[in-house]
Amino acid sequence: MYGFFFGWYLKCQSDTQTLAVIPAYHRTGRKRTCSIQIITDQETWMIPYKADEFRCVGKHISIGKNQFSEKGIRLSAHTAQVTVEGKLKFGSLLPLKYDIMGPFALVPFMECRHRVWSMGHLVNGAVSINGEKYLFKNARGYWEGDRGVSFPKKYIWTQCCFPGGSLMMAVADIPIMGIHFTGIIGVVIWMEREYRFATYLGARAERIQNKKVCIVQGNLELEARLIKAFSHPLKAPSQGDMVRIIHESAACRAFYRFRKKGRTIFSFQTDKASFEFEYPSCVS
């Protein structure tokens with residue numbers, strides 16, 4: 001039996017706190033397991049579960065006593081390392097106009113397929129992690145997911161909600177049927193308008209160097225630069241098995257700039273960016 005994984009990434013962020021939760025199912029050979037990873041500004045935990053504790057129906061996942069859906073998150077987990085209890089309620093989701101993968105959603109043998117469920121929604125509620133309270137009142141939420149065999153060997157991913165909008169960008173080395181190419185997907189939501197970047201729309205990586213990536217598509221340009229990481233180790237899939245270690249900053253310092261026709265639409269520096277930079281440090 002071949003390897004396979006399926007996972008959601010749900011991030012909740014207030015002015016002072018960040019909490020991301022990754023419920024996932026993984027299979028390699030005859031081995032089937034599932035897990036929940038908890039990510040905060042300071043620390044990460046992975047909570048393993050048996051495969052028969054996993055349920056998925058449409059946009060609703062349950063693992064043990066934990067539940068995840070478009071209505072929100074309910075957490076109840078206890079291990080020797082971490083105790084998590086709480087409930088978060090989501091407002092109306094902000095989906096994309098169509099699948100972020102575009103026509104690549106139909107291409108067979110893709111290593112990893114991405115899905116964006118919500119570019120921004122309200123979050124209200126509270127979660128306790130080892131006695132520390134994470135309080136969210138009219139906070140911002142983001143929700144995406146991945147499924148496939150493995151994460152790309154080299155990739156950059158970043159996401160940020162900010163006044164007036166939100167954005168996500170992913171640039172990765174994509175192997176398919178013996179060839180490799182740089183794949184790009186990205187979305188900027190600005191003043192209720194969706195701007196999409198994608199390989200299938202002609203986007204290209206103009207620069208990937210020194211923790212900075214710049215992508216260009218027609219008269220649009222999006223730049224992201226990791227200034228100061230606060231990264232923590234996460235488990236990621238390789239052939240369906242959660243054996244790879246990646247590093248994510250759930251809330252770090254970064255710079256973003258979005259331009260159209262040479263005019264800067266917005267540029268800002270923030271301490272609330274999420275970033276994974278799994279590329280060699282100097283690539284041109």
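This is a predicted model: local features need pLDDT of at least 70, side-chain atom pairs count only at pLDDT 80 or more; totals for chains, interfaces and linings use all residues.
View 1. Phe151 is buried, with a relative accessible area of 18%, because the cut-off for buried is under 20%. By the ring-pair rule, the count here comes to 20 aromatic pairs. One of them joins Phe5 and Phe151 edge-to-face, with 5.7 Å from centre to centre and 70 degrees between the planes. This pair links distant parts of the chain, 146 residues apart: Phe5 belongs to strand β1 (residues 4–13), while Phe151 lies in the loop between β11 (132–148) and β12 (155–162). Phe5 counts as buried too, since its relative accessibility is 4%.

**View 2. A cluster of linked rings.** Look here for Phe162, Trp190, Tyr195, Phe197, Tyr256, Phe258, Phe266 and Phe268, which ring pairs link into a cluster.

**View 3. Arginines over rings.** Find Arg115 to begin with: its charged end sits over the ring of Trp117, 4.2 Å from the ring centre. Then find Arg196, whose charged end sits over the ring of Tyr98, 3.7 Å from the centre of that ring.

**View 4. The hairpin of β5 and β6.** Strands β5 (residues 54–57) and β6 (residues 60–63) run antiparallel and are joined by four bridges. As an example, follow Arg55 across to its bridge partner in β6, Ser62. Two residues lie between the strands, and Gly58 takes a positive phi near 60 degrees in this hairpin.

**View 5. The hairpin of β6 and β7.** Three bridges pair β6 with strand β7 (residues 66–69), again in the antiparallel sense. Here Ile61 has Phe68 of β7 as its bridge partner. This hairpin has two residues between the strands, and Gly64 takes a positive phi near 60 degrees.

Note on methods
Residues are numbered from 1 along each chain as its sequence is written. Side-chain values use heavy atoms; hydrogens and water are left out. Two strands pair if DSSP finds at least two bridges between them. Rings of Phe, Tyr and Trp (its six-membered ring) pair if their centres lie within 6.5 Å; planes under 30 degrees apart count as stacked, over 60 as edge-to-face and the rest as tilted. Buried means under 20% relative accessible area, exposed over 50%, partly exposed in between (1.4 Å probe, protein chains only). A charge sits over a ring if NZ of Lys or CZ of Arg is within 6 Å of the ring centre and within 35 degrees of the ring normal.
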